[in-house]
Amino acid sequence: MGSTKPFVLHFEDSGKWSSLPEWAEYFISVGRQLATAPQQESRLVTAIIVPTRAYGAAFVSVGMVISEASLRDPDSQASHFERLFELVPGTPVVFRPGKGKALKGLIQMPEELDGKLWIRVQVHSAAGGGLTHFVDESRALQVQPARGVGWKLPKKQRKDSIRTANRFVDSLLGETDPVQLGLQSKIVCALVGRRNTLEQEIRKTPLSIHVNGTMYAEGQLQDVLRVNRFINPQQSHRSALVPLGSEPSSDLISSVEMGVVFDGAIGFLKWGAAWRTRHQVIVLDRTDPYFDDAISSVNARFSQNRIDDGCVMPEGDAPPGSEILAFREAIE
Amino acid sequence: MKPLSIPYATAVYGDASQCEIIRQWVDHPGLAELSRSLRALVQSVGDEAADEVWRRILGPIRRTAFALCSTPLPFAHLAAGTGTDWDHLDRLVRQSKYLYPDCYELLHRVSGELQRLLLENSTPLIAPLESLIQQHTTISVLLRNPRMNRMVADYFASSRPLRTASVVSASQLRGPHQCMALAVMGPCSWFPEYVFSAPRASVIHVISYRWIRDGWAPSPRFLHKTDVRKSASQTHRIGKMPAIRSDAAADVPAMEDLHPADILPPVPVFRGGGFPYSSSHAGESADVVPARLCHLIGNRAVFVAADDGASSLIIDASETEHAAVRRVLVDDLEQGMYLLLRTSGGGDFIAPLADRLLGKSSTKLRHEQAEWKERLSRQAFEQFGSKSRRELSSLVCSHLQSQGMSQAHSANIHYWMSSKCIRPRKREHFAAILKFAGLEERTEGIWSAMLEIDRAHRRAGHLIRRMLLQKIAGASLEPLERDGQMDFELGDQGGGSLSAYEITDVPAQEYDIPSDRIGVLLDLEE
């Protein structure tokens, strides 16, 4: 969330909106940093000691999801185009012709014109003229399968028939096309912590975007994080919650794409070894009863597994009362 | 830990940034002399301090001396609060003249000096608090011994100059408690480090006797590689931490100063309490069950059943806005939860209420429950000879497995034999053990009776839970969070009185314990 962003994220304090404090911005920057850190032969471990764990893991995760969405991977565009090709004609899709616009659509038989392949998306019913858009590989991510729904096309539809992302999300993503966040399920990061606490922070804390001193949009962190346990089956997800009481499944372990955020000592001590190849952020509250055990565990890994490779942490001062250690660890 | 809002978390970061830790020293030459003499005595007794006689002598002396050094109450006030039987102690001291002649002189002097101090109607720890209240209007006060919290809070409430002082626990300082000024009674190392490194106050006054060393300062917790080439390390950073200053220039420690650990009373150790506590000690006649020792606040402890599926009733004040009362498996018991125990009449609070719910039939039903267990134990004894309960369980298990009950487990049979168990979960298991006990023909009738007892226990559990929830909804839980202990009177509704105690540790070690010791509060200080 650099100074070039045209918006300022706000939180509610006694009925008034205040801009997000520096400590929260720092956590977001930790998550953003991870999104650009390579993880081939080693992964990044960032351990953060804080005076209170509140919102730390949630904001780190937001940073990861936002940054991941902005990383346009050409391979994923090509593979997505291939997947669209395999859809049965008549499959419902959402077509996003532009920012903030979404249309209901039905996949039609693809075509090859002048040696180029096109996906065809019908957006008006036959009675309405049967308007059909031709979409090439460069715009493939504008078309997303609408899982779990079925619909008939209207005769005509305006360009905001479906809102897949709200203004809050659009603003947070900046220049990134929100379509990536909108409909495609993936697990960018896993959050390991107490369900009730994280739900309170992610789903029940009102936030807002202010532009030029005026409130522009309201939302919650969940709008961006799309935690799998806080959504209904029709919605897509971007992150997964691992409650302290349940062992993460092998499916979940293998499907986390970027990193794992441990909210507190217990989750880290229990499941810290489960993800062997993904980046890790460990948020440790100084008041946690298992704080010392977790510190010993981090220190043991630092002294035994650390590799002296390029490792950086976000610019700027660490938040008051915090201590941050970042190191690279060889991937087994 | 209760969830904190963003504004509150911001205030916590603000406190970490601005907090100043100020050391304030107080003096009392008599108490200093006593403390040094006591340290010399403990050193001269050496390893013998663990002996029964020395424990009974030194225990109360060290606890009282510690209370004088750590509690903002007039010494005479403390004399009444410690509950020490000084006449008995004097007798023990006199006896020691013959048992331990080398130490007698010193012991006699320490005991006499301590009793003289307890006549003083003041303490040097109060004046700084009065001064802080004038400065800050209100203050929160943290004590090393949470068992003194209630007494000190009552004293503050009755004292005009201290009326606006409130007592807080270290547990409260993990969560949303926040204050302008916090007064900590004693050196920093007596308290969890987070009190100072994650402060919940703008200023912390550490009020301690000058002759107790206190060298605590914030330091890095992570191992790290020092990067001398760069001004800001790319791998390790520390945010702004609370600053420390002293109110006196002369705070250089003297040679004869005491280490904070020298003042603390001995660490309580569980010594078995005179009943079997391991499988090798359990006799064949004992009604023993597997149990874990749950450590509670204030050096107390309680055995909780550790058999498969056993659960305990707790108050969980964390996570949600309102405290919850729920059952928790023994493996899920955690530090910071509040364990509910029956205050009087034994540890089990469900069975007496269940009997009331069963009415007149309870006698007959309980008789049947006792009968099948007695027949099961007797049959095992007759078939396999005089052995421990655990060994008999294992032999019965092998027998049942040979009869086709492949799911039989020794631990389950051990539990089924105990009076705490009502019935196995599965009817076929019950039929198999009744067949072994020679009660096969009565299986149907006894199974129905056990189901009836089981239902009554469940109803009793629900009733207790509901009554507790009503009590909690209408009461402030601040005393529970402050003292780590709170009593709930459910007598008017048939539930008796229950007490909640904060759990401080649940070690994994298991004991074999007589079933009637489950849920009984143990005082590890005695």
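1. In S6(B), Ile238(B) is the bridge partner of Glu323(A). Strand S6 covers residues 236–238 of chain B. Strand S16 of chain A (residues 323–330) runs antiparallel to S6(B), and three bridges join them. Two strands count as paired if DSSP finds at least two bridges between them. Helices (H or I, at least four residues) and strands (E, at least two) are DSSP runs, numbered from the N terminus.

2. Residues are numbered from 1 along each chain as its sequence is written, while chains are lettered from A and ligands numbered from 1 in the order in which they are written.

3. **Confidence.** pLDDT is the predictor's confidence in each residue, from 0 to 100. Chain A averages 85, with 88% of its residues scoring at least 70. Within chain A, helix H5 (residues 179–182) has the lowest confidence, at a mean of 57. Strand S14 (residues 279–285) of chain A has the highest, at 97. Residues 1–6 of chain A fall below 50, and this stretch has four contacts in the model beyond near neighbours in sequence. Two residues are in contact if their C-beta atoms, placed from the backbone, lie within 7 Å. Chain B has a mean pLDDT of 85, and 89% of its residues reach 70 or more. Residues 274–285 of chain B are below 50, yet this stretch has 30 contacts in the model beyond near neighbours in sequence. Where pLDDT is low, the predicted coordinates should not be read in detail. For the complex, the predictor gives an ipTM of 0.81 and a pTM of 0.78.

4. **The interface.** The contact takes 38 residues from chain A and 32 residues from chain B. On the chain B side, helix H1 (6–18), helix H9 (194–197) and strand S6 (236–238) each supply at least two residues. H1(B) gives the most to that side, with eight residues. The chain B residues that touch chain A divide into 16 nonpolar, 11 polar and five charged. Here Ala, Val, Leu, Ile, Met, Phe, Trp, Tyr, Cys and Pro count as nonpolar, Asp, Glu, Lys and Arg as charged, and the others, Gly among them, as polar.

5. **Chain A overall.** Chain A has 10 helices and 16 strands. Of its 332 residues, 46% are buried. A residue is buried if 20 or more other C-beta atoms lie within 10 Å of its own, exposed if 12 or fewer, and partly exposed in between; C-beta atoms are placed from the backbone. Chain A is divided into domain 1 (8–73 + 166–330) and domain 2 (74–145). These bounds come from an automatic or database domain assignment. The domain centres, taken over C-alpha atoms, are separated by 33 Å.

6. **Ala300(A).** Ala300(A) sits in helix H10 (residues 291–305) of chain A. Ala300(A) counts as exposed because it has 11 C-beta neighbours inside 10 Å. Its C-alpha atom is 40 Å from that of Gly219(A), which is 81 residues away along the chain.

7. **Chain B overall.** Chain B has 17 helices and 16 strands. Buried residues make up 40% of its 526 residues. Among contacts in chain B with a separation of 6 or more, 73% join residues 24 or more positions apart.

8. **Helix H6(B).** Helix H6 of chain B has 17 residues (101–117), so at 1.5 Å a residue it should span 24 Å; its end C-alpha atoms are 25 Å apart, which agrees. The expected span is 1.5 Å times one less than the number of residues. Its buried residues are Cys103(B), Leu107(B), Val110(B), Ser111(B), Leu114(B) and Leu117(B). An α-helix has 3.6 residues a turn, so residues three or four places apart point the same way. The cover over the buried residues of H6(B) includes helices H2 (29–45), H3 (52–70), H4 (75–82) and H5 (86–99) of chain B.

9. **Helix H15(B).** In helix H15 (residues 427–437) of chain B, the buried residues are Ala432(B), Ile433(B), Leu434(B), Phe436(B) and Ala437(B). Helices H12 (361–384), H13 (389–402), H14 (410–417) and H16 (443–473) of chain B are among what covers them. Just after H15(B), Gly438(B) takes a positive phi of about 85°.

10. **Strand S15(B).** Strand S15 (residues 510–514) of chain B is largely enclosed by the rest of the structure, because four of its five residues are buried. Five bridges join S15(B) to strand S8 (residues 288–296) of chain B, and the two run antiparallel. Arg292(B) stands opposite Glu510(B) in S15(B).

Note on methods:
This is a predicted model: local features need pLDDT of at least 70, side-chain atom pairs count only at pLDDT 80 or more; totals for chains, interfaces and linings use all residues.
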